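Hi,

Here is the structure I promised to pass on to you. Have a look at it first, and my notes follow below.

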Amino acid sequence: MTPRIVTLPGDGVGPEVIAQAVAVLRAVTEQAGLSVEVEEHLIGGRAVDAGGVPLPETTRAACRDADAVLLGAVGGPRWDHLRGAQRCESGLLELRSLLKVFANLRPVRVHRRLADSTSLRSEVVRGVDLVIVRELTGGAYFGQPKHADRDRAVDTTVYTRTEVERVARVAFALASERRGQLVSVDKVNVLATSALWRETVDAVSTEFPDVVLEHALVDSFAMRLVQRPRGIDVVVTENLFGDILSDEAAVLAGSLGMLPSASIGEAGPGLYEPVHGSAPDIAGQNRANPYGAILSVALMLRHSLGRPDLGAAIEAAVDACIETGVLTRDLGGSARTSDTGAAVMSALSVRGGAAVGVPS
Ligand code: NAD
Ligand code: IPM
Ligand code: MN
């Protein structure tokens with residue numbers, strides 16, 4: 001059966017990076033003789049402009065029926081006056097909830113060519129290869145009650161044992177396929193939800209005797225992430241901490257524009273999105289870094305389309321482009337968004353239906 005992909009380019013640089021990611025998806029599947037159906041829908045500010053809501057019913061229905069969803073970014077200054085369910089960001093949260101994608105994988109790999117050009121010393125970042133597993137459908141983002149009046153506002157952090165167990169299992173399974181180390185990050189010295197989190201992660205650890213589990217407090221872990229990131233393999237943490245730590249981890253990779261993500265649930269379509277936002281400061285200038293979006297397509301091929309070989313071909317093509325200096329401005333280069341996508345496509349090498357790595 002032909003896989004159905006729904007694309008939601010969204011706002012700001014979203015459409016610019018998604019255009020390149022879709023072009024790469026078409027190129028790699030064509031080379032492999034695999035057909036895919038790609039259908040674009042509205043989300044975020046463009047959806048609000050068109051019909052008053054950030055996640056229209058047509059988009060919801062299309063996403064529910066898809067094999068995978070590829071999203072750019074939502075939001076921007078034009079829609080910042082909106083409140084509550086009308087906000088662009090609410091549309092994205094609703095989508096994550098609708099698809100029940102509770103585990104958000106955010107891999108951070110430092111390319112050797114970029115190790116000298118981050119804000120940190122190269123010996124700190126060289127060789128970093130970690131994954132943040134962020135709980136995505138619970139915590140402060142979704143807790144009730146949540147409301148605000150003029151002088152008082154309330155957000156509520158809620159976690160259930162089941163919510164922690166299922167994301168912990170994803171993280172342990174991933175760690176056991178990788179280097180066998182898991183750090184669970186919480187704020188157990190203050191938060192009741194963190195006490196439940198820690199106790200539950202400890203209980204799940206008995207199912208994964210090959211994984212070494214460590215607990216860390218989020219404040220000091222935030223420091224360790226930029227001070228000694230090399231020893232970190234897999235991190236599992238709640239929704240809000242994962243959001244903040246993953247942008248911090250982007251510093252290791254050289255730019256927020258480098259990071260892809262995969263959001264998965266028990267069943268149903270996965271949601272794939274670069275970690276960055278709509279970057280209003282550079283939108284419309286053909287200078288956004290599309291690697292995060294392109295690498296999100298690689299994750300889609302791995303996790304939703306059963307083609308890890310094609311995911312690896314895209315990752316190898318991106319590596320080869322970085323190696324030869326195809327770098328957007330955020331990485332200190334001058335390549336345009338569209339040139340970068342074109343370079344990845346010409347570096348792609350899929351032969352006889354099977355992908356081969358690009359020599360670097
Ligand atoms: P942002 O991620 O949009 O931008 C932060 C900084 O990183 C900016 O300087 C930007 O230019 C840079 N940057 C981001 N992506 C880049 C790329 N691909 N290439 C080069 N540079 C890049 O975060 P922000 O400015 O705090 O938020 C802007 C808007 O985006 C807000 O409305 C926010 O809610 C929204 N947002 C959406 C998502 C999403 O849809 N998944 C994620 C984060 C933020
Ligand atoms: C992200 C974003 C979103 C989040 C916003 C836009 C709702 O920052 O995907 O990291 O906080 O989850
Ligand atoms: Mn974020």
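**What I found**

An oxygen atom of ligand 1 has a backbone N or O atom of Val-74 2.8 Å away, which makes a polar contact (a pair of N or O atoms within 3.5 Å; within protein, one must be able to donate a hydrogen and the other to accept it, and residues adjacent in sequence count only if both atoms are side-chain atoms). The protein buries 69% of the 800 Å² that ligand 1 exposes when taken alone (accessible areas are from the Shrake-Rupley method with a 1.4 Å probe; for residues, only the protein chains shown count as cover).

Before going on, some housekeeping: this is a predicted model, where local features need pLDDT of at least 70 and side-chain atom pairs count only at pLDDT 80 or more, while totals for chains, interfaces and linings use all residues. Residues are numbered from 1 along each chain as its sequence is written, chains are lettered from A and ligands numbered from 1 in the order in which they are written, and side-chain values use heavy atoms, with hydrogens and water left out.

Back to ligand 1. A polar backbone atom of Gly-76 is 3.3 Å from one of its oxygen atoms, and a nitrogen atom of ligand 1 lies 3.3 Å from a polar side-chain atom of Glu-273. There are 20 residues around ligand 1, and those that come nearest are Val-74, Glu-89, Gly-277, Ala-279 and Asp-281 (a residue is near if one of its heavy atoms lies within 4 Å).

Now for ligand 2. Its surroundings are Glu-89, Leu-93, Arg-96, Arg-106, Arg-134, Tyr-141 and Asp-243.

Which helix gives the largest share of the shell around ligand 2? That is H4 (residues 88-98), with 3 residues; helices (H or I, at least four residues) and strands (E, at least two) are DSSP runs, numbered from the N terminus.

Two backbone details are also worth a look. The peptide bond from Gln-144 to Pro-145 is cis, with omega near 0°, and Pro-145 is in the loop between strand E5 (129-135) and strand E6 (147-148). Lys-100, which is not a glycine, has a positive phi, near 55°, and is placed in the loop between H4 and strand E4 (103-109).

Best wishes
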